[in-house]
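Hi,

Here is the structure I promised to pass on.

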Amino acid sequence: MLPIMIALKLTGEHYIFYLQPRVGKGGKDFKILKFATMLKDSPNLAGGFITQKRDPRILPMGNFLRKTKINELPQLLNIFIGQMSFVGPRPIVRAHIELYGEEEKAAVLSQTPGLTGIGSLMFRDEEGLLDRLGGDRKYYHDMIIAPYKGQLELWYASHKSIWLYFSIILLTAWAVIRPNSKSVLGLFRKLPPPPSALAPYLKG
């Protein structure tokens with residue numbers, strides 16, 4: 001992590017970490033820690049909380065850090081102090097959790113959010129998926145992707161086990177090495193079926 005910290009200090013806006021409020025267990029906000037990949041004021045610029053490939057708000061090292069998921073490493077501190085777990089629902093901004101149904105929202109808020117999880121695996125290239133879908137990115141995110149993420153998180157809450165926990169960790173490592181792999185679909189056969197708009201992109 002030290003070389004990344006030095007490189008970030010010498011490039012872009014010269015700041016290393018990015019802190020953003022996310023919703024944690026019980027609906028309590030906490031500050032998630034990441035390596036900086038975008039301009040400080042990104043949420044208030046065009047695009048808001050939805051990032052796209054070749055986004056002009058991304059810093060010089062941002063694409064590399066995001067693609068390799070190295071930008072997530074500082075969240076080990078969030079795990080160390082008990083705000084996050086290695087596996088769980090992905091902690092999201094409050095505006096996005098309101099896109100979940102009531103049952104899905106209750107399932108998410110009952111758990112400690114995770115560095116990785118079933119939703120993170122399925123949508124590990126969400127920016128690219130939105131590019132392929134085309135059209136209104138906000139509509140596809142808010143009306144199709146977010147509700148399906150909620151269903152996946154509800155599925156995880158209903159099937160939690162030590163086997164599932166470590167399977168997701170191993171699959172996350174595999175996804176970094178083989179980003180186009182569909183292993184998650186092959187291993188978890190009883191996942192909620194994706195909406196028709198997403199099915200062609202999520203199935204091998």
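Predicted model: local features only at pLDDT ≥ 70, side-chain atom pairs only at ≥ 80, totals over all residues.

Glu126, Glu127, Leu129, Leu130, Asp131 and Leu133 of α7 are in contact with Arg137, Tyr140, His141, Ile145 and Lys149 of α8 (contact here is heavy atoms within 4.5 Å). Helices are DSSP runs of H or I with at least four residues, strands are runs of E with at least two, and both are numbered from the N terminus. The axes of α7 (residues 126–133) and α8 come within 11 Å and cross at roughly 125°, which makes the pair oblique. On the wording: under 35 degrees is roughly parallel, over 145 roughly antiparallel, 65 to 115 roughly perpendicular, and the rest oblique. Axes are lines fitted to C-alpha atoms, for helices over the stretch in contact, with angles from 0 to 180 degrees between N-to-C directions.

Residues are numbered from 1 along each chain as its sequence is written, and side-chain values use heavy atoms, leaving out hydrogens and water.

α8 (residues 137–159) also meets α5 (residues 102–109), with axes that come within 8 Å and cross at roughly 55°, so these two are oblique as well. Their crossing is left-handed. Glu103, Glu104, Ala107 and Val108 make the contact from α5, and Gly150, Gln151, Glu153, Leu154 and Ala157 from α8.

Then there is α9 (residues 162–177), where 16 residues reach 23 Å from first C-alpha to last, close to the expected 22 Å (1.5 Å times one less than the number of residues). Its buried residues are Leu164, Ser167, Ile168, Leu171 and Ala175; buried is under 20% relative accessible area, exposed over 50%, partly exposed in between (1.4 Å probe, protein chains only). Those buried residues of α9 fall within an arc of 100° seen down the axis, so they line one face (the arc uses directions from the helix axis to the C-beta atoms). Exposed Ile162, Leu170 and Ile177 sit on the face turned away from that buried side.

Lys69 is in the loop between α2 (62–68) and α3 (75–80), and is partly exposed because its relative accessibility is 33%.

Overall, the chain has 11 helices and four strands, and 46% of its 204 residues count as buried.

Cheers

Key: Left-handed = near helix turned anticlockwise from the far one by under 90°.
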